[in-house]
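Here are my notes on this one, colleague to colleague. Have a look at the model first, then read the points alongside it.

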Amino acid sequence: MRYKYCPICGTELIEKYSWDEGGVPYCPIDDMLYFDTPKPCIIAAVIKGNQILLLKQSYIFKNSKVLVSGYVTNGETVEDTVRREVKEETGITVGEIKYLGSEYLPSREIIMLTFMAKYESGEIEKSEEVEWASWSNIEDALCQMSEDEIGKGIVKKVLDEMGYAGNKAYRCECNNCTIDNM
Ligand SMILES: [Zn+2]
């Protein structure tokens, strides 16, 4: 999003030259440049043995389960965000976190940072914004996440990381899936 007015003082921004960035909207009163940056967001596959933590949040996808996700808050690292969001949404504490790459969502100007996180402790205690949260067999996850393309991409990477050699997880992709999407 390209800013027109200063979000702090409301002054109309002028263009200021900033090295390689070229002209950048600038507030001379607050001495602040407003770069056109995407919103950083995390999405995490929480893994416990051969199980994965799946949620139901209808405002994201109506007929599909999803992974834990949330916006990075100012002042925290993205690893902090993963730990905080998993804890807030599900009550679970995660240990080791591994970065799995990023995806850009042009329609919402979001940069999605993807992770796998190992379960460490806790019982599922979902937050108000989550309708349902449960451990699912990782072999069934792809079939239950039909609408969530980014989430499915992460699960496939997790399966690779786990050295998964079976083909059960992929059967929903050959139209033979017998598992309901809820
Ligand atoms: Zn200003």
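1. Strands (E, at least two residues) and helices (H or I, at least four) are DSSP runs, numbered from the N terminus. Tyr-17 stands opposite Gly-23, also in E2.

2. A word on conventions. This is a predicted model, in which local features need pLDDT of at least 70 and side-chain atom pairs count only at pLDDT 80 or more, while totals for chains, interfaces and linings use all residues. Residue numbers run from 1 along each chain as its sequence is written.

3. Back to the sheet around that pair. Strand E1 (residues 14–17) runs antiparallel to strand E2 (residues 23–27), with four bridges between them; strands count as paired if DSSP finds at least two bridges between them. Five residues separate E1 and E2 in their hairpin, and Trp-19 in the turn has a positive phi of about 45°.

4. On its other pairing, E2 meets strand E3 (residues 32–33) in the antiparallel sense over two bridges. Cys-27 has Met-32 in E3 as its bridge partner. The E2 and E3 hairpin has four residues between the strands, and here Asp-31 takes a positive phi near 50°.

5. Together these strands make an open, antiparallel sheet of three strands in the order E1-E2-E3. E1 and E3 are the edge strands, each pairing on one side only.

6. Now the whole chain. Three helices and nine strands are present, and along the sequence they follow the pattern β-β-β-β-β-β-α-β-β-β-α-α. An automatic or database domain assignment gives domain 1 (1–36) and domain 2 (39–174). Their C-alpha centres lie 35 Å apart, and the C-alpha atoms of the chain fill a box of roughly 60 × 35 × 30 Å along the principal axes.

7. How much of the chain is buried? Buried residues make up 27% of its 182 residues. The cut-offs count C-beta atoms, placed from the backbone: a residue is buried with 20 or more others within 10 Å of its own, exposed with 12 or fewer, and partly exposed in between.

8. The largest nonpolar core holds 33 residues, and Ala-44, Ala-45, Val-46, Ile-52, Val-86, Ala-117 and Val-155 touch the most other members. Such a core is a set of buried Ala, Val, Leu, Ile, Met, Phe, Trp, Tyr and Cys residues joined through C-beta atoms within 7 Å. Strand E4 (39–48), strand E5 (51–56), helix H1 (78–90), strand E8 (110–121), helix H2 (138–144) and helix H3 (149–161) each supply at least two of its residues. The biggest contribution, seven residues, comes from E4.

9. Buried residues of H1 include Thr-81, Arg-83, Glu-85 and Val-86. The helix's buried residues pack against E4, E5, strand E6 (68–71), strand E7 (93–105), E8 and strand E9 (132–137). Just after H1, Gly-91 takes a positive phi of about 80°.

10. Finally, which residues does Val-86 contact, leaving aside neighbours within four places in sequence? They are Ala-44, Val-46, Val-68, Ile-92, Val-94 and Ala-117, with contact meaning backbone-placed C-beta atoms within 7 Å.

How values were computed:
Two residues are in contact if their C-beta atoms, placed from the backbone, lie within 7 Å.
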